[in-house]
Amino acid sequence: MTEPSELSQGTAVWLFDTKAQQYYPATVVSVDGKAVKCVTEDKKEVTEEATKVWKRNPPLMEAADDLTTLSFLHEPAVLHALFKRYKTDDIYTFSGPILIAVNPFKHLHIYRNELIKAYAGQETGKLAPHIYALAEQAYRAMKLQETNQSILVSGESGAGKTETTKFLLQYFAAMGEKGQDNKIEEKVLESTPILEAFGNAKTLRNDNSSRFGKLIEVQFNETGNISGAMVTTYL
């Protein structure tokens, strides 16, 4: 929502198409009280209330890797930033301490051992947003603060929660199994098909959707190596 005083001729804005249920770009032509006349990219004139107009971010900021750095943080700005990043296969975006992941529905070469080594020991924000960055933040905090850390992976059916969990375990395994032959990560992942046999179902967006919550507890010893793991399900 934008106040009329914040708008003037030439201001780049977002408008909402109620029929198409999507936002589209426009430019302010004039402001008369609370009525804002705009022209769209296809040269159509539209008049909307100022409360239904959202200011656009400068082009250089539209695809920011952290949404909290946007000048204008609202729904159309967030959706546009995620869309622009998605088009260039940048599926991860930070929003402060939250990592947003958009399912690419294709294989991306961004989960290699070389990248795990690159993110190891790096502070959040120094490298591009990645699930490894979030994993490193939790792992480092656990070692420095000597307290338990939690990562909540949530999303709708087909969003990629199971795959995200696998990549988290992959990172923790690399950090916490130095010099060990015991593949805790593999043992935890091998339990997934068994659990899915009891609690998966087909949905509109996913043929193999989990119908249960899952808590995976990875245990580390004082040196930071994995010493065990436990999976608890909530049907």
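Which residue just after H3 takes a positive phi? In this predicted model, in which residues are numbered from 1 along each chain as its sequence is written, local features need pLDDT of at least 70, side-chain atom pairs count only at pLDDT 80 or more, and totals for chains, interfaces and linings use all residues. Side-chain values use heavy atoms, with hydrogens and water left out.

**View 1. Helix H3 and the residue that follows it.** Helix H3 covers residues 131-145, helices being DSSP runs of H or I of at least four residues and strands runs of E of at least two, numbered from the N terminus. Among the buried residues of H3 are Ile131, Leu134, Glu136 and Tyr139, where buried means under 20% relative accessible area with a 1.4 Å probe, protein chains only. Just after H3, Glu146 takes the positive phi, of about 55 degrees.

View 2. His74 is found in the loop between strand S5 (54-55) and helix H1 (75-87), and because its relative accessibility is 17%, His74 counts as buried. Leaving aside neighbours within four places in sequence, His74 is in contact (heavy atoms within 4.5 Å) with Trp14, Trp54 and Lys55. A polar atom of the His74 side chain lies 2.9 Å from the backbone oxygen of Lys55.

**View 3. The hairpin of S10 and S11.** Strands S10 (residues 213-220) and S11 (residues 226-234) run antiparallel and are joined by eight bridges. Leu215 stands opposite Thr232 in S11. Five residues lie between the two strands of this hairpin, and in the turn Gly224 has a positive phi of about 90 degrees.

Terms used:
Buried means under 20% relative accessible area, exposed over 50%, partly exposed in between (1.4 Å probe, protein chains only). A polar contact is a pair of N or O atoms within 3.5 Å; within protein, one must be able to donate a hydrogen and the other to accept it, and residues adjacent in sequence count only if both atoms are side-chain atoms. Two strands pair if DSSP finds at least two bridges between them. The expected span of a helix is 1.5 Å times one less than its number of residues.
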